[in-house]
Amino acid sequence: MVLSRYFLAVWLFACSAVSLYGQEMRGVPKQAMRIYEEAREAYRAKRYERALELLERVKGSVAGWSAPWLLEADVRHGLGDRRAERHAIEEAVRLDSLKGRPYYFLVLGDSWFDEGEYARAEECYRHYLRRDGRHRERVERQLANCHFALEALAGGVREEPELYREDGVNIYWPALDVRGGTFLFTRQEGEREELWMAKGKRQWRVWDGLPGNSGAPSLTADGGMMFFAMEGGRSGFDIYVAYRLTDTTWSAPLPLAGGVNTDGWEGQPSVSADGRRLFFASTREGGRGGSDVWYSQLLKRGTDGRQLWSTPKCLFFNTSSDEMAPFVYYDGHTLFFASDGYPGMGRKDIYRVDLEQPGEPVNVGLAVNTQGDEFGFSVDASGEWGYFSSDVAGRRRIYRCRLGVEVAPAPASYVSVEVRNEAGVRVMPEELLVADADRQDTLAWYDAAYGGGAEGMLVCVPAGRLLRIGVVKRGFLYYSDTLRTESSTLEKPQRYTARLQRVEKGREVVLKGVRFDVDSDRLREESYAELLQLAAFLRLNPSVRVEIAGHTDDTGGKEHNAVLSENRAFEVYKFLVQHRIPKERMEYRGYGASRPVGSNATEEGRAMNRRTEVRVLDI
């Protein structure tokens, strides 16, 4: 999809042949000309060694004749010897300063740039622009990269990343679960790309016998679901999901339904920690050019594991160049991606952006980015270590490095959540959701199709955040609670148990995720996730009738509080009706400040009294 810059060099060399006949060939002895033409024919037939042998006989035979050196550059390019190619062009520069052929300065600039010799590259690019403007836009972009790289190198010492994994072939796209115990990557041998899994020194194919290439894995935080790209779709590559069956095996791949896969190319997925938001690269229609990063939301997950996704949106940071390889951190709003559309160290660099505070992407710096291609970036739950792929050493390998404070996301705290019934026995919920109550982000989500809830789940969230926990299970009262996270480690996570009560007449639950504007009945958007779970509870228990009760503190007048509390209860009732809960199964009522559960003498008590409750009327 992305052409090598050496494609340009080949095209330029081909163009040079025409001009050589009309100018430089004048005055060249016939014997030298015959040998040169024989060398040209050998080059065209890809008999590179023979061409070099012939060129050695004519180089230097005529003063100022640069054509043999330029043809040698062609040959060296064909052999993949970039340094010898560059040397040949520089010899031609020494002979005649490339008069009439300024494009070779562009080729030299690219060659030095790929070596990380930014000052030399900058000089060559400026030589080119002084003589030719045909590729001005591309050259000015390269000059911006040189300027960025020289400033970055002047401001700090390049730290060598740690080689994390190599295999004698190209390996790339590292993916880890939150515990760090599952390591997935893409392995390429020849033209074949396959998904591999590793534990310690042992590694193996995820699947044997897949008909096409596959790669670019991404895991949910707990490692239970894997999203990846695979050949076989409408345009070669589409995005698929697989579910973890055992510690080392996965279900058969399922293509994502809905708006994710199209006739365009889709790949390189990154799934959020909860499995409900997907970021991926695509060349589909409607983007800004080349490859772009897109975003989609999960609409439905069927009992057979098939997933329906929303129509994707093109994200704000995309350019007319290539943006790809997104990675969304466990906090749900820190996104890393690869791009050649912003000033950087060379080819594709890794950048960071905050999805909640859109701004210019930040280059992650010298610890990661080089003059080579860096992509497939991910960050572990500590926020401290970045894992990525780079081809700077000649083939793709997987590295890791410590991230600087300016780009590292906040380290995650760990909360272990489990669900038990009144007898203390672990149960599998139909739905379990953990959300950041302030940011409205879901951080983890289980349902019956996904599984795993009976064993509990590990949630990652920055310390000091307020979580909302909601649980739905058939035959049990809807569960709603909040939890303030503490600093905790993977080895010693903060533990939380949701204890479910059987559905019985008269039992009540406070909807702790339902919020209204101050002194208003306007339902705030962050309430929707809680109310959708309440609707799921009512669908799972079709014989249950409930009362929705609104309550206030005593700061307003009695009549005002009664009206306000009833209007708030009605807004919840209306939301549920709009989501296909029959009216006859619900009542709503406002109690004002008549039923306090805390002291109205304190702010904490008044906050407890401002609440919305659901009470079971009949079962």
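Trainee: Is A221 buried or exposed, and what relative accessible area does A221 have?

Mentor: In this predicted model, a residue is called buried when its relative accessible area is under 20%. A221 is buried because its relative accessible area is 5%, and the place of this residue is in the loop between strand 6 (214-219) and strand 7 (225-233).

Trainee: Which residues is A221 in contact with, leaving aside its neighbours within four places in sequence?

Mentor: With those neighbours set aside, A221 is in contact with D177, V178, A273 and Y330.

Trainee: Which residues touch the most other members of the largest nonpolar core?

Mentor: That core has 31 residues, and V178, Y330 and F377 are the ones that touch the most other members. Several strands each supply at least two residues of this core, among them strand 2 (170-176), strand 16 (323-328), strand 20 (374-379) and strand 26 (457-462). Apart from this core lies another, of 28 residues, including L477, L534, L540 and L576.

Trainee: Which residues make the contact of helix 2 with helix 4?

Mentor: On the side of helix 2 the contact is made by Y36, A39, R40 and Y43, and on the side of helix 4 by A67, P68, L71, D74 and V75. Sorted by class, this contact has seven nonpolar residues, two charged residues and no polar ones.

Trainee: At what angle do helix 7 and helix 8 pack, and how far apart are their axes?

Mentor: Helix 7 (residues 118-131) and helix 8 (residues 136-155) pack at an angle of about 155 degrees, with 9 Å between their axes. Angles over 145 degrees count as roughly antiparallel, and helix 7 and helix 8 are therefore roughly antiparallel to each other. Here, too, the crossing is left-handed. Among the residues that meet are Y118, Y125 and L129 in helix 7 and V139, L143 and L150 in helix 8. The contact of helix 7 with helix 8 divides into 12 nonpolar residues, one polar residue and four charged residues.

Trainee: Where is S321 placed, and what does S321 touch?

Mentor: The place of S321 is in the loop between strand 15 (313-314) and strand 16, and S321 is buried, with a relative accessible area of 15%. Not counting residues up to four places away in sequence, S321 touches R141, G289, G290, S291, D340 and G341.

Trainee: Is G200 buried or exposed?

Mentor: A residue is called exposed when its relative accessible area is over 50%, and G200 counts as exposed because its relative accessibility is 62%. G200 has its place in the loop between strand 4 (192-199) and strand 5 (202-205). The C-alpha atoms of G200 and G181 are separated by 9.0 Å, while the two residues are 19 residues apart along the chain.

Trainee: What is the phi of A216, and where does A216 lie?

Mentor: A216 has a positive phi of about 55 degrees although it is not a glycine. A216 lies in strand 6 and counts as buried, at 7% relative accessibility. D519, also a residue other than glycine, has a positive phi near 55 degrees, and D519 is found in the loop between strand 30 (508-510) and helix 9 (528-540).

Trainee: How many helices and strands are there in the chain?

Mentor: The chain has 11 helices and 33 strands, and its C-alpha atoms fill a box of roughly 110 × 50 × 40 Å, taken along the principal axes. Of its 619 residues, 57% count as buried. Of the contacts in the chain with a separation of 6 or more, 57% are accounted for by residues 24 or more positions apart.

Methods. Residues numbered from 1 in each chain as written. Predicted model: local features only at pLDDT ≥ 70, side-chain atom pairs only at ≥ 80, totals over all residues. Heavy atoms only, no water. Contact = heavy atoms within 4.5 Å. Helix = DSSP H or I, 4+ residues; strand = E, 2+ residues; numbered from the N terminus. Nonpolar A, V, L, I, M, F, W, Y, C, P; charged D, E, K, R; others polar. Core = buried A, V, L, I, M, F, W, Y, C linked by side-chain atoms within 4.5 Å. Buried < 20%, exposed > 50% of the residue type's maximum accessible area, 1.4 Å probe, protein only. Axes fitted to C-alpha atoms, helices over the stretch in contact; angles between N-to-C directions. Parallel < 35°, antiparallel > 145°, perpendicular 65-115°, else oblique. Left-handed = near helix turned anticlockwise from the far one by under 90°.
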